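Let's take a walk through a protein model together, one piece at a time. Keep the structure open beside you and turn it as you read.

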Amino acid sequence: MRYLTAGESHGKQLTTIIEGIPAHLQLLAEDINHSLIRRQGGYGRGRRMKIEKDLIEITSGVRHGSTLGSPISLVLKNDDYKHWIDIMGADPLPNDTEIRRQVTKPRPGHADLNGALKYNQRDMRNILERSSARETAARVAAGSVAKQLLREIGIEVLGFVKQIYQVEANDRPELTMKEKQEISYQSALHVIDPSVEEDMKAAIDQAKQDGDSIGGICEVHVEGVPVGLGSHVHFDRKLDGKIAGSVMSINAFKGVEFGEGFKVASKRGSEVHDEISFNEQDGYQRESNRLGGFEGGMTTGMPIIVKGVMKPIPTLYKPLNSVDIDTKETFKASIERSDSCAVPAAAVVMEHVVAWEVANAILDQFPADFMDQLKKAVADYRERTRLF
Ligand SMILES: Cc1cc2nc3c(=O)[nH]c(=O)nc-3n(C[C@H](O)[C@H](O)[C@H](O)COP(=O)(O)O)c2cc1C
Ligand SMILES: C=C(O[C@@H]1CC(C(=O)O)=C[C@@H](OP(=O)(O)O)[C@H]1O)C(=O)O
């Protein structure tokens with residue numbers, strides 16, 4: 001299974017094309033829209049999100065709510081495009097038209113300067129339009145199709161906010177997946193621990209008031225995973241590696257950890273590894289899940305627990321020093337709009353990129369021309385590994 005996304009932030013639309021989804025998966029635009037609306041929301045976002053209404057149109061690969069096995073294309077219109085038609089149009093401008101609003105002032109922390117140098121673009125709009133996290137809407141659309149597929153074989157995925165700036169949410173090991181989903185879907189901060197919401201909001205409000213930005217930590221849980229997804233036999237088949245790469249590819253993410261992650265550096269082996277037991281009903285079990293569901297690049301059958309850290313947003317109302325590439329003079333940029341904190345939105349993005357990788361591992365491992373074939377293969381495999 002693979003997918004491509006296309007589209008500029010202020011261009012006409014985003015397009016996602018997915019290839020490799022089995023036939024007969026029930027798929028409705030409203031399921032994808034549920035994910036998109038969650039991504040678009042979240043406390044701390046800027047004015048752009050009030051302009052957009054992220055609703056998908058399915059333009060191929062689905063008939064009467066069911067996939068055909070052919071490529072699925074999803075289109076998401078940018079409502080902001082109407083304000084940018086002259087700047088973003090694909091046709092050449094008439095000779096005497098002045099190209100307005102050329103971007104020559106790179107923002108520290110964004111892709112502007114590196115991209116301009118690499119692609120020989122003196123108007124850095126040609127870089128920022130694609131480096132913008134607007135693209136994550138297209139990735140969430142792909143991930144929500146993956147989530148539909150996973151749900152059919154008993155796997156649920158949730159991304160939520162673990163920390164914003166210095167405010168850390170408590171773990172809630174007592175909650176079921178359904179409860180975690182319900183709580184986080186209701187929360188403007190996308191947390192499963194509502195007791196920290198007010199402190200998180202206050203931290204975001206303070207950063208905004210100071211013209212600054214803040215980041216945080218997102219966490220994703222995947223439950224119902226069969227043992228043995230991924231493989232130890234070759235580096236590029238290790239599923240934890242694929243998930244880590246995918247999480248790191250989300251705009252502004254600077255680190256990934258599984259289970260206790262970086263904390264294991266200061267612990268002993270006896271405090272870190274997850275002991276193995278067996279019972280007739282459930283097969284092999286782990287007494288703990290400190291490694292976050294992975295050994296040898298393969299799932300252990302315990303929930304996948306993965307965290308990603310997001311840096312503060314680069315575009316600041318309180319600007320940092322930079323250099324205008326036309327004048328070579330130092331400037332302090334003034335900006336029009338930006339998010340102050342996008343960690344809640346990023347948690348939804350992370351949920352969907354992880355879902356994609358897990359679904360991809362499933363489709364690598366099991367025959368899946370159509371959904372019943374996949375479901376039977378997964379059920380047989382679960383039974384074989386239970387009795388092993
Ligand atoms: C959901 C989301 C929203 C974002 N919103 C903004 C924003 O409003 N302004 C900004 O400068 N960066 C924003 N970013 C971060 C930039 O897209 C990112 O820092 C930039 O593409 C450079 O890539 P890097 O940080 O991964 O190196 C956002 C990221 C995410 C995930
Ligand atoms: C458009 C989205 O996020 C954008 C990501 C982004 C960036 O630089 O990454 C900058 C902002 O865009 P604009 O400059 O148009 O205000 C965000 O709004 C979105 O998430 O859908």
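Begin at the hairpin of strand 1 and strand 2, where six residues lie between the strands and G7 takes a positive phi near 135°. Keep in mind as you look that this is a predicted model.

Now let the view widen. What is the order of the strands in the open sheet of four? Reading across, the order is 1-2-6-3, with antiparallel pairing. Strand 1 and strand 3 (56-60) are the edges, and each has a single partner strand, so one side of each is left without a neighbour in the sheet. From one strand to the next, the twist averages 20°.

One place to check is I17, whose bridge partner in strand 6 is S73.

Helix 1 touches strand 3 and strand 6, and its direction makes about 140° with that of strand 3. Helix 6 touches strand 1, strand 2, strand 3 and strand 6, and its direction makes about 30° with that of strand 2.

These helices also meet each other. Two packed helices are described by the angle between their axes and the distance between the axes. For helix 1 (residues 29-40) and helix 6 (residues 136-152), the axes come within 9 Å and cross at roughly 135°. Because of that angle, helix 1 is oblique to helix 6. The crossing of the two is right-handed. On the helix 1 side, D31, I32, S35, L36 and R39 make the contact, while helix 6 brings T136, A137, V140, A141, S144, V145 and Q148. Sorted by class, the residues of this contact are six nonpolar, four polar and two charged.

Strand 7 (residues 156-164) runs antiparallel to strand 8, and two bridges join them. Here I164 stands opposite V167 of strand 8.

Finally, turn to the ligands. Which residues come nearest to ligand 1? Of the 20 residues around ligand 1, these are A133, N251, T315, D339 and A342. Helix 10 (residues 343-365) gives the most to this shell, with three residues. The shell around ligand 1 divides into ten nonpolar, nine polar and one charged residue.

Ligand 2 has its own surroundings, made up of S9, G46, R48, S132, A133, R134, A137, N251, R337, S338 and D339. By class, that shell holds two nonpolar, five polar and four charged residues. Look again at A137 as you finish: this residue of helix 6 takes part in the contact with helix 1, and A137 is also among the residues around ligand 2.

Notes
Residues are numbered from 1 along each chain as its sequence is written. Chains are lettered from A and ligands numbered from 1 in the order in which they are written. This is a predicted model: local features need pLDDT of at least 70, side-chain atom pairs count only at pLDDT 80 or more; totals for chains, interfaces and linings use all residues. Axes are lines fitted to C-alpha atoms, for helices over the stretch in contact, and angles run from 0 to 180 degrees between N-to-C directions. Angles under 35 degrees count as roughly parallel, over 145 as roughly antiparallel, 65 to 115 as roughly perpendicular and the rest as oblique. A crossing is left-handed if the near helix is turned anticlockwise from the far one by less than a right angle, and right-handed if clockwise. Two residues are in contact if their C-beta atoms, placed from the backbone, lie within 7 Å. Ala, Val, Leu, Ile, Met, Phe, Trp, Tyr, Cys and Pro count as nonpolar, Asp, Glu, Lys and Arg as charged, and the others, Gly among them, as polar. A residue is near a molecule or strand if its C-beta atom, placed from the backbone, lies within 6 Å of it. Two strands pair if DSSP finds at least two bridges between them.
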